[in-house]
Amino acid sequence: MLSAKLAKCDGPVVRAEIDMFKRQFRIPPESARDIGRLFDQARDSTEGYEPYARQLGAIFADNRGLLEDVLTALFTIARA
């Protein structure tokens, strides 16, 4: 998950970054636990952001608007 990698790049992930992630992606309550686990796995992984970015780009290659929305959300999380 790109957002976890982004949040981690400047040091430990802080609550403001997690809260902004939740606001940007509007996680349904029934999915919160699973999404949280994926976020934590990505945050703790030694892999860089590149595999996540490539996968996202490949899956949504035909939907540039969605990819732009993801970039906007990532910038918002970075500002947190």
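## Terms and basis

Exposure here refers to relative accessible area, where buried means under 20%, exposed means over 50%, and partly exposed lies in between (1.4 Å probe, protein chains only). This is a predicted model, in which local features need pLDDT of at least 70 and side-chain atom pairs count only at pLDDT 80 or more, while totals for chains, interfaces and linings use all residues. Residues are numbered from 1 along each chain as its sequence is written, and side-chain values use heavy atoms, with hydrogens and water left out.

Searching the whole structure gives four salt bridges, each defined as a side-chain nitrogen of Lys or Arg within 4 Å of a carboxyl oxygen of Asp or Glu. One of them joins Arg15 to Asp19, with the closest N and O atoms 3.4 Å apart. The two residues are four apart in helix H2 (residues 15-25), and therefore about one helical turn separates them; helices are DSSP runs of H or I with at least four residues, numbered from the N terminus. Arg15 is exposed at 52% relative accessible area, whereas Asp19 is partly exposed at 27%.

Within helix H3 (residues 32-44), Asp34 and Arg37 are three residues apart, about one turn of the helix, and their salt bridge has its closest N and O atoms 3.2 Å apart. Asp34 is partly exposed at 40%, as is Arg37 at 44%.

Asp40 and Arg43 are likewise three residues apart in helix H3, and their side chains meet in a salt bridge of 3.2 Å, N to O. Salt bridges link Asp40, Arg43 and Asp44 in a network.
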